[in-house]
Amino acid sequence: MSAIVGVRYLIVSGAFAAVTRARHPGLYAGLDPQIRREIGWSLASAAIYGVPAGVVAWGWQNRGWTRIYGDLHAWPLWYLPVSVLLYLAAHDTWFYWTHRWMHRPRLFRIAHAAHHASRPPTAWAAMAFHPIEALSGALVVPLLVFFVPIHPIGLAVVLTVMTVMGVTNHMGWEMFPAALWRGPVGRWIITASHHQRHHQQYEGNYGLYFRVWDRLCGTDRGLGDFTRDHARAAARAGRARADDAGRGGPGR
Ligand SMILES: [Zn+2]
Ligand SMILES: [Zn+2]
């Protein structure tokens with residue numbers, strides 16, 4: 001299971017890193033050492049994520065554990081999207097409160113600093129967590145399946161949203177149309193612009209999928225923007241080009 005999570009991470013992050021290269025060439029210029037660290041932490045997290053997921057998947061198949069239902073009609077069809085929302089809301093709640101807790105100075109130093117070492121993060125930072133933080137995230141869905149009924153299709157949607165949003169919220173630019181994240185939907189849904197501000201200011205914008213907890217608790221700091229990050233990336237790319245030209249120049 002750890003291998004599946006790791007390969008899924010490499011495929012999805014790799015795909016979005018490729019899209020980033022095409023859409024914003026040079027955005028990750030000079031970040032190779034950081035990207036190597038992000039991939040290292042992420043693969044370690046994948047190994048951790050796979051353990052409870054593997055145990056529960058085994059128990060589901062062989063011991064009838066969990067409330068995952070194989071017959072699509074065991075619950076009314078309207079429940080399918082509701083179950084997806086319940087999982088996302090529960091995960092978001094868990095993430096918000098543990099994330100706020102991870103920002104307490106001692107725990108930040110021990111664990112969460114690993115995630116914030118990415119400045120600015122890239123598409124490879126999706127699972128770049130210290131093992132302590134990875135463990136807290138790894139337990140959510142494997143625990144939920146014991147309490148909240150869900151069909152494998154719903155579970156696949158939850159895992160897809162989880163993976164794609166983890167990657168796109170860190171990739172350094174906004175993939176979704178402005179009408180979505182600047183409009184009424186964006187007031188409640190988290191995309192890259194919201195999480196950018198968390199990585200820039202550290203304090204505030206702790207949510208994962210929804211802005212509900214941030215708004216309720218007064219920790220919402222609004223949307224960030226990528227202008228400064230992109231200007232810095234352009235400067236890094238320019239320096240790298242100048243270095244290359246210098247090395248290849250005459251008399252050297
Ligand atoms: Zn982050
Ligand atoms: Zn944080």
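Tutor: The expected span of a helix is 1.5 Å times one less than its number of residues, and helices here are DSSP runs (H or I, at least four residues) numbered from the N terminus. This is a predicted model, in which local features need pLDDT of at least 70 and side-chain atom pairs count only at pLDDT 80 or more, while totals for chains, interfaces and linings use all residues. Residues are numbered from 1 along each chain as its sequence is written, with chains lettered from A and ligands numbered from 1 in the order in which they are written.

The part to look at is helix α4, which runs over residues 105-116. A straight helix of 12 residues would span 16 Å, yet α4 spans only 13 Å between its end C-alpha atoms. Its buried residues (20 or more other C-beta atoms within 10 Å of their own, the C-beta atoms being placed from the backbone) are H112, A114 and H115. They cover an arc of only 130° around the axis, which puts them on the same side of α4; the arc is that of the directions from the helix axis to the C-beta atoms. On the face turned away from this buried side, α4 carries P105, R106, R109 and A113, which are exposed, a term for residues with 12 or fewer such neighbours.

As for what covers the buried residues of α4, it includes α2 (32-63), α3 (79-102) and α5 (131-138), where contact requires backbone-placed C-beta atoms within 7 Å.

For comparison, helix α7 (residues 152-168) has 17 residues and reaches 24 Å from its first C-alpha to its last, close to the 24 Å expected. In α7 the buried residues are G154, V158, G166, V167 and T168, and their cover includes α1 (2-23), α3, α6 (140-144) and α9 (192-201).

Note on methods: Helix = DSSP H or I, 4+ residues; strand = E, 2+ residues; numbered from the N terminus. Contact = placed C-beta atoms within 7 Å.
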